[in-house]
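User: Please go through this model with me, taking the aromatic rings, the helices and the surface in turn.

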Amino acid sequence: QRIANYVANEIIIKGLANSKTFQKFAVRTNKQYQDIQQQGTEKLTQTLEELAKQQASGATSASANASSSSPLKPPQRPLRGIPGFFLAFFKEVRKDVTGA
């Protein structure tokens, strides 16, 4: 049985390796895979940026509305709690995904 499997595998592998049709199929499939992977990465990065902006704008708009009456503002502390966590988390994920 091992000999039959070995012979069958050798015939199949050599047959596919020498087949122009299979080589074209492999190249096309690889290109499609890379395109889909790139699109997925771009979409993920875009979604994470949008979420980070929403979290930041939601948290800063609430604090800006409370202190908008004074012309000079003291330095703002980093966001705390859940909004601060999400903002920092999305910044780190964006760094990891984009490699920046």
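Analyst: Ring pairs join Phe-85, Phe-86, Phe-89 and Phe-90 into a cluster, where rings of Phe, Tyr and Trp (its six-membered ring) pair if their centres lie within 6.5 Å, planes under 30 degrees apart counting as stacked, over 60 as edge-to-face and the rest as tilted. This is a predicted model, in which local features need pLDDT of at least 70 and side-chain atom pairs count only at pLDDT 80 or more, while totals for chains, interfaces and linings use all residues. Residues are numbered from 1 along each chain as its sequence is written, and side-chain values use heavy atoms, with hydrogens and water left out.

User: How many aromatic pairs does a search of the whole structure find?

Analyst: A pair of aromatic rings is described by the distance of the centres and the angle of the planes. Searching the whole structure on that basis gives a total of five.

User: Is the pair of Phe-22 and Phe-25 stacked or tilted?

Analyst: Phe-22 and Phe-25 are separated by about one helical turn, because they are three residues apart in helix α2; helices here are DSSP runs (H or I, at least four residues), numbered from the N terminus. Phe-25 is partly exposed at 45% relative accessibility, a class lying between buried (under 20% relative accessible area) and exposed (over 50%), with a 1.4 Å probe and protein chains only. With 6.2 Å centre to centre and 40° between the planes, the pair is tilted.

User: What is the angle between the planes of Phe-85 and Phe-89?

Analyst: Phe-85 and Phe-89 lie four residues apart in helix α3 (residues 81–98), and are therefore separated by about one helical turn. Phe-89 counts as partly exposed, at 41% relative accessibility. The two rings form a stacked pair, 5.8 Å centre to centre, and the angle between their planes is 15°.

User: Which residues of α3 are buried?

Analyst: The end C-alpha atoms of α3 are 26 Å apart, which agrees with the 26 Å that its 18 residues should span at 1.5 Å a residue, the expected span being 1.5 Å times one less than the number of residues. Within α3, the buried residues include Gly-84, Leu-87, Phe-90 and Val-93.

User: Which residues does Thr-45 touch, not counting residues up to four places away in sequence?

Analyst: Thr-45 lies in helix α2 (residues 20–66), and it counts as buried because its relative accessibility is 13%. With contact meaning heavy atoms within 4.5 Å, and residues up to four places away in sequence not counted, Thr-45 touches Val-97 and Thr-98.

Note on methods: Helices (H or I, at least four residues) and strands (E, at least two) are DSSP runs, numbered from the N terminus.
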